[in-house]
Amino acid sequence: PTVKDLLAAGERSFSFEFFPPKTDEGERQLWRAIRELEALRPTFVSVTYGAGGGNRDHTVSIVERLAHSTTLTPVAHFTAVNHSIRELRHLVGRFADAGVRNILAVRGDPPGDPMGTWVRHPEGVEYAEDLVRLIRQSGEFCVGVAAFPYKHPRSATIESDTEQFVRKCRAGADYAITQMFFKADDYLRLRDRVAAKGCYTPIIPGIMPVTQMSTIARSEQLSGAPFPPEVAARFEAVAHDPESVRRLGIEHAAELCQTLLDEGAPGIHFITFNRSSATREVFQALVPAIV
Ligand code: FAD
């Protein structure tokens, strides 16, 4: 099935994001997490695509294995970084051969320095929008794109960011997944801005439970905005006890997800960092009926 069909069926989508690990232990951890989360029967699972180098092939092999030896619907992330149009087409063909029908088209960042100057491959594409078109022209794929509650750091204004996002949807995106965020209003504002332009592409919130204080310190880097101060205060009150921080993180993520679902979000995409336990606990707090 495609993510589009699954969203159209009217059910809330629950999905999990993994990344290609670099070590054998990382690989074992990934497949352990996948097996544990498979039992929750997610709508789909996605695998990120590296900025460059060897782990890009690894993304392809993980989604191939997901397609062949699990009951899961895999979504392959895919970027334009350092690829010619010919290579991009070849990769899309590999996904098709593996039976992978779902691709998340993101432009990617320059390897090394994510905020460095973006340089298009001389025979490549410039924007995610172009990737969406390329994938669409290559066959029957369901295509997702990225959305940014606090605008993309390269966008001059919220207004231009919204316009480019809507262009990307009109180029043929079936749905979007957001950059992680920690406050429901920030997602709702993004959805309202996009809807005000007459675009109703489903936008799935990307959520990562806070399990340690360092996530709060890195919030701006991870989400594009400072951690909400009123939530930070709740964490600071228990900062001396790692187990309490983790428990509060699960509770806060579950509250956030519940608010988003109550406000009509089409589902939740969990960023797992290849670990199953925090995600499983949030999921369990959220939908006891499903588990
Ligand atoms: P684009 O949509 O191309 O936007 C890039 C910038 O260009 C924005 O400022 C946009 O407003 C502007 N822009 C777009 N179109 C135009 C136009 N026609 N004219 C002028 N300006 C325009 N990175 C990875 O390397 N691998 C991954 O697997 C990965 N997965 C991700 C998953 C999610 C859910 C998210 C939110 C991000 C992910 N990223 C990943 C990060 C992403 O690659 C970067 O954030 C990248 O800088 C932007 O990608 P984009 O697809 O939003 O780019």
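Student: What makes up the secondary structure of the protein?
Tutor: In this predicted model, the secondary structure comes to 12 helices and 9 strands. A run counts as a helix from at least four residues and as a strand from at least two.

Student: How do you know that the radius of gyration agrees with a compact globule?
Tutor: Let's set the two values side by side. A compact globule of 291 residues would have a radius of gyration near 19 Å, and the protein has 18 Å, so the value agrees. Along its principal axes, the C-alpha trace spans about 55 × 45 × 40 Å.

Student: What makes a residue buried, and what percentage of the 291 residues is buried?
Tutor: A buried residue has 20 or more other C-beta atoms within 10 Å of its own. In the protein, 41% of the 291 residues are buried.

Student: Which residues touch the most other members of the largest nonpolar core?
Tutor: That core has 71 residues, and Ile-103, Ala-105, Leu-131, Val-132 and Ile-135 touch the most other members. Leaving out residues up to four places away in sequence, Ile-103 touches Val-75, Ala-76, Phe-78, Phe-95, Ile-135, Phe-141 and Val-143. In soluble globular proteins, nonpolar side chains tend to be buried together.

Student: Which helix gives the most to the shell around the ligand?
Tutor: Helix 6 does, with 4 residues. Helix 5 (128–137) and helix 6 (158–170) each supply at least two. Of the 23 residues around the ligand, Thr-48, His-77, Arg-107, Ala-128 and Ala-146 come nearest.

Student: How do the residues of that shell divide into nonpolar, polar and charged?
Tutor: The shell has 7 nonpolar, 9 polar and 7 charged residues, with Gly counted as polar.

Technical notes
Residues are numbered from 1 along each chain as its sequence is written. This is a predicted model: local features need pLDDT of at least 70, side-chain atom pairs count only at pLDDT 80 or more; totals for chains, interfaces and linings use all residues. A residue is near a molecule or strand if its C-beta atom, placed from the backbone, lies within 6 Å of it. The radius of gyration is taken over C-alpha atoms; the globule rule is 2.2 Å times the number of residues to the power 0.38. A residue is buried if 20 or more other C-beta atoms lie within 10 Å of its own, exposed if 12 or fewer, and partly exposed in between; C-beta atoms are placed from the backbone. A nonpolar core is a set of buried Ala, Val, Leu, Ile, Met, Phe, Trp, Tyr and Cys residues joined through C-beta atoms within 7 Å. Two residues are in contact if their C-beta atoms, placed from the backbone, lie within 7 Å.
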